Amino acid sequence: MNEETHNPTVPIGFDIAWSVFMLLWIVLTVTAVVSIVRSDADPVAKIGWSALAVILPIVGPAAWFFASRRRQNAL
């Protein structure tokens, strides 16, 4: 095997999975923050939800989408 292309510390599958996870986190976070900013919530709630979406990867944006959908259905 060629020494220049072989990385014994990180298997390629792990590297690909980590890259997909990071891409998913970035897309979900950006989408959630844009949705939060465009919502009709009060400014304090927008700051809180934005912080939650950024601090908690995957869970924060998912919580926002779940909570905003429940609020829309309640109206």
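Is Ile-58 buried, partly exposed or exposed? Select Ile-58: this residue is partly exposed, with a relative accessible area of 25%, where buried means under 20% relative accessible area, exposed over 50%, and partly exposed in between, with a 1.4 Å probe and protein chains only.

Before going further, note that this is a predicted model, in which local features need pLDDT of at least 70 and side-chain atom pairs count only at pLDDT 80 or more, while totals for chains, interfaces and linings use all residues. Residues are numbered from 1 along each chain as its sequence is written, and side-chain values use heavy atoms, with hydrogens and water left out.

**The whole chain**

Colour the chain by secondary structure, and you will find three helices and zero strands, in the order α-α-α along the sequence; helices (H or I, at least four residues) and strands (E, at least two) are DSSP runs, numbered from the N terminus. Of the 75 residues in the chain, 15% count as buried. The accessible surface, by the Shrake-Rupley method with a 1.4 Å probe and, for residues, only the protein chains shown as cover, comes to about 5900 Å², and 70% of this surface belongs to carbon and sulfur atoms.

**Helix H1 and its partner H2**

Select residues 12-38, which form H1, and then residues 43-55, which form H2: their axes come within 9 Å and cross at roughly 175 degrees. These axes are lines fitted to C-alpha atoms, for helices over the stretch in contact, with angles from 0 to 180 degrees between N-to-C directions. H1 and H2 are therefore roughly antiparallel to each other, a description that applies to angles over 145 degrees.

On the H1 side, the residues include Trp-25, Thr-29 and Ile-36, and on the H2 side they include Lys-46, Trp-49 and Ala-53. The residues of this contact divide into eight nonpolar, two polar and one charged. Within H1, select Thr-29, Ala-32 and Ile-36, which are the buried residues of that helix.

Move on to Ser-39, which is placed in the loop between H1 and H2. Ser-39 is buried, with a relative accessible area of 14%, and, leaving aside residues up to four places away in sequence, Ser-39 touches Lys-46 and Trp-64.

**Back to Ile-58, then on to H3**

Return to Ile-58, in the loop between H2 and H3, and look at its backbone, where phi is near 70 degrees, a positive value in a residue other than glycine. Not counting residues up to four places away in sequence, Ile-58 touches Phe-21, Leu-24, Trp-25 and Leu-28.

The last stop is Pro-61, in helix H3, which covers residues 59-74. Pro-61 is buried, with a relative accessible area of 0%. Beyond residues up to four places away in sequence, Pro-61 touches Leu-28, Thr-29, Ala-32, Ala-53 and Leu-56. To finish, draw a distance from Pro-61 to Ser-50, eleven residues apart along the chain, and the C-alpha atoms will be separated by 8.6 Å.

Technical notes: Angles under 35 degrees count as roughly parallel, over 145 as roughly antiparallel, 65 to 115 as roughly perpendicular and the rest as oblique. Contact means heavy atoms within 4.5 Å. Ala, Val, Leu, Ile, Met, Phe, Trp, Tyr, Cys and Pro count as nonpolar, Asp, Glu, Lys and Arg as charged, and the others, Gly among them, as polar.
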